[in-house]
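This briefing is meant to be read alongside the sequence and the coordinates.

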Amino acid sequence: LKIAVFVKQVPDSAAKIAVESGVVNWGDAPLVINPWDEYAVEAALQLAEKHGGEVAAFSLGPESAKEALKHALAMGAASATLINDPALAAADAGASARVFAAAINKLGGVDLAVFGKQAIDSDTGLAPAMTARVLGWPSLTLVANVAALDAGAKTIKVERGIEEGRQIVEGKLPAVISIIKDFGEPRYPSFMGIRKASKAEIATWTLGDLGIPAPESKVSWPEIIAPPKREVTNEMITGANADEIAAKLADKIIGEGVL
Amino acid sequence: MDFQLNEEHRMVQKMVRDFIDKEVKPTVREWDRKQEMAPFILPRMAELGILGINIPVRYGGQGFDYISLGLVCEELEAGDSPLRVVMSVHMGLNSMALLQWGTEEQKQKFLTPQAKGEKYACFGLTEPGAGSDVAGMKGTAKRVGDEYVLNGEKMWISLASKAHHALVVLRTNPDAADPHDGLSAFIVELDRKGVTTGDIHGKLGMRAGSTGFIAMQDVHIPVENRLGEEGEGFKIAMSCLDNGRYTVAAGATGLIRASLDASVKYSHERKAFNREIGQFQLVQQKIAYMVQQYEAARLLYLRAGWMKNEGERNTRETSLAKWYATDASFDAAAEAIQVHGAYGYSDEYDVERYLRNSKGGVIYEGTSEIHQLMQAGYALGYRKDADLRCELPAYDAEYWHAEK
């Protein structure tokens, strides 16, 4: 089984995001691997362990994104490649998907492309489905569990975690899947993995290496503004008993027009 | 001079921090209240490789350097002090002594399973009647043919009831002109006949840790279990402390950080007189001191770790780091409680536990008073470190990483 997993470098989820002069700023908070992508790496590794095969990690981003790739290597990925090209600095999800598809084609023989369900910075969750569309592969998103996979027969059956519950979907390989939290806690990097990652040479591919022209981005960010501050006030609702408190609360909710 | 941690160091730090945040912190209060060690701690630390972090790969370890050991200890104690204590005894006081003084056979037989985390290890020096006065110990080891017969009791021993192996120091020559020269070190498997162990409860802190006693009554061990030469016990014990104290210093640094982080967080959350309390200068002063203490403690232990990596004798520097960091961790925790006010006095918040846990470090592995005597001794020229027959090996990445 040949698996490609895609990871993104994002600001730590604990970072305080601010907008200063139209630029997003997260202070001195560290950049980390996108938390959802850790689940993707875990899923990729589990599938490779179960069905045999190797995991190749990719990241689209600047030089600093190598840190996210090293995390994937330390977790157990066999190789890591950075995709970095000045023409991709403002790539939207559609442009990124074309780049991911080109990387998958260049790697060759990929059975499964694995993504986290979304990135915590841009939060669109579009890349997996768009990549599948570019490749012409099935898109199995929000995967909570891979119920069956037959590398020989090239079939896959997954459980999708959706609002209504679990949905079982079957598809043909090669396919693109995106992973949700229910798949299971990502493993910590092992100490041996950390050493391997710290010594690893991470290859960099440019658009020239991928053999594609700079894809056009349809989405641009003409202006970035901080959302208006929400003023919150607290009020303790008291009463002689639970019924009275509940009644007062209900009146309040209706009075404020919340319901 | 390079103050930058390397990539391996940073990844080790993050890995241990993630483990602490996800698995340890949610359970800390519960086990502290129960006064028991959480049963998952030792097996999980073993499984993750933490118990062998800085031992060469050929002896079952992970092959990282001594600075990594310090960073691990800082992260562990920033989460919960008893986890750092595990590293102090299993690694600092025992496994590193085997690396330093052990024969190849002893390394294969005892160090390798310890570094793999298959066996846990502890260290027995203190007795009910002998702490700082090491040479005043009463426990004996008598040579009988190819064996030693051990008798005595070791007290305040971390992991006494959990460990498989103990490194104990006992008197082999009661007639030595200098009592220090009459001591020898032994590796004792704690399932041997005549050994009994147990835990002590009712401690001020380290309640979720295992602290106990090892009693030995006519325990027979083969001569091959003696570490070093006969009469070398005191020197071995002091070299063990050079390593144990390093882990205590690094851990106490983590405890200062925990007090600082908790105080900063609370200072932003808590409001008094319509302002967050962080805006009051007297609260700021407490936080400023914690920052100063954290940075100074960190530099002191990292210097000691760097010296270990270089193979330089570091008794003075490690003692200084341990003395400073443990005293500072007690002060920082006390001030963190003050920042938290009445809430800090309850175990609803972590800072009261930080204070209780910090006090142990001020006492064990050389009380602050012992370290003051040592530092004055060095400064006045009364104290000099003689060369040891076996020095702690300098960190050599190629040797540490090699399988054979």
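In this predicted model, the buried residues of α10(B) are V351(B), E352(B), R353(B), Y354(B), R356(B), N357(B), S358(B), G360(B), G361(B) and V362(B). Because 10 of the 13 residues of α10(B) are buried, this helix is largely enclosed by the rest of the structure.

**Surroundings of α10(B)**

- The elements against which the buried residues of α10(B) pack are α2 (28–34), α4 (66–79), α5, α7, α9 and α11, each of them in chain B.
- Just beyond the end of α10(B), the backbone of E365(B) adopts a positive phi of about 55 degrees.

- Helix α11(B) is built from 13 residues, and the distance from its first C-alpha to its last is 18 Å, close to the 18 Å expected at 1.5 Å a residue.
- Within α11(B), the residues S368(B), H371(B), M374(B), Q375(B), G377(B) and Y378(B) are buried, and the elements that cover the buried residues of this helix include α7 (233–269), α9 and α10 (351–363) of chain B.
- Helix α9 (residues 315–340) of chain B packs with helix α11 (residues 368–380) of chain B at an angle of about 140 degrees, and their axes lie 9 Å apart; α9(B) and α11(B) are therefore oblique to each other, and their crossing is left-handed.
- On the α9(B) side this contact is made by T315(B), R316(B), S319(B), L320(B), K322(B), W323(B), T326(B) and D327(B), while α11(B) contributes S368(B), H371(B), Q372(B), M374(B), Q375(B) and Y378(B).
- By class, the residues of the contact of α9(B) with α11(B) comprise four nonpolar, seven polar and three charged.
- After the end of α11(B) comes G381(B), which has a positive phi near 80 degrees.

**Crossing of α5(B) and α7(B)**

- The axes of helix α5 (residues 81–101) of chain B and of α7(B) come within 8 Å and cross at roughly 150 degrees, an angle that makes α5(B) roughly antiparallel to α7(B).
- The crossing of α5(B) and α7(B) is right-handed.
- From α5(B), the residues S81(B), R84(B), M87(B), S88(B), G92(B), L93(B), M96(B), A97(B), Q100(B) and W101(B) meet K235(B), I236(B), S239(B), C240(B), L241(B), N243(B), G244(B), T247(B), V248(B), G251(B) and L255(B) of α7(B).
- The residues in the contact of α5(B) with α7(B) fall into 10 nonpolar, nine polar and two charged.

**Packing of α8(B) with α9(B)**

- Helix α8 (residues 281–310) of chain B packs with α9(B) at an angle of about 155 degrees, the two axes being 9 Å apart, and α8(B) and α9(B) are therefore roughly antiparallel to each other.
- The crossing of α8(B) and α9(B) is left-handed, and the contact of these two helices holds 16 nonpolar, four polar and seven charged residues.

**Positive phi in residues other than glycine**

- L159(B), a residue other than glycine, has a positive phi near 70 degrees; L159(B) sits in the loop between β3 (147–158) and β4 (165–171) of chain B, and at 2% relative accessibility it counts as buried.
- D218(B) is likewise not a glycine and has a positive phi of about 50 degrees; D218(B) belongs to strand β7 (residues 211–222) of chain B and is partly exposed, with a relative accessible area of 46%.

**Chain A**

- Chain A contains seven helices and 13 strands, and its C-alpha trace spans about 70 × 45 × 40 Å along the principal axes.
- Of the 259 residues in chain A, 42% count as buried.
- Among the contacts in chain A between residues at least 6 apart in sequence, 68% join residues that are at least 24 apart.
- The peptide bond joining L173(A) and P174(A) is cis, with omega of about 0 degrees, and P174(A) lies in the loop between β11 (165–172) and β12 (175–179) of chain A.

Technical notes: Residues are numbered from 1 along each chain as its sequence is written. Chains are lettered from A and ligands numbered from 1 in the order in which they are written. This is a predicted model: local features need pLDDT of at least 70, side-chain atom pairs count only at pLDDT 80 or more; totals for chains, interfaces and linings use all residues. Side-chain values use heavy atoms; hydrogens and water are left out. Axes are lines fitted to C-alpha atoms, for helices over the stretch in contact, and angles run from 0 to 180 degrees between N-to-C directions. Helices (H or I, at least four residues) and strands (E, at least two) are DSSP runs, numbered from the N terminus. Angles under 35 degrees count as roughly parallel, over 145 as roughly antiparallel, 65 to 115 as roughly perpendicular and the rest as oblique. A crossing is left-handed if the near helix is turned anticlockwise from the far one by less than a right angle, and right-handed if clockwise. Contact means heavy atoms within 4.5 Å. Ala, Val, Leu, Ile, Met, Phe, Trp, Tyr, Cys and Pro count as nonpolar, Asp, Glu, Lys and Arg as charged, and the others, Gly among them, as polar. The expected span of a helix is 1.5 Å times one less than its number of residues. Buried means under 20% relative accessible area, exposed over 50%, partly exposed in between (1.4 Å probe, protein chains only).
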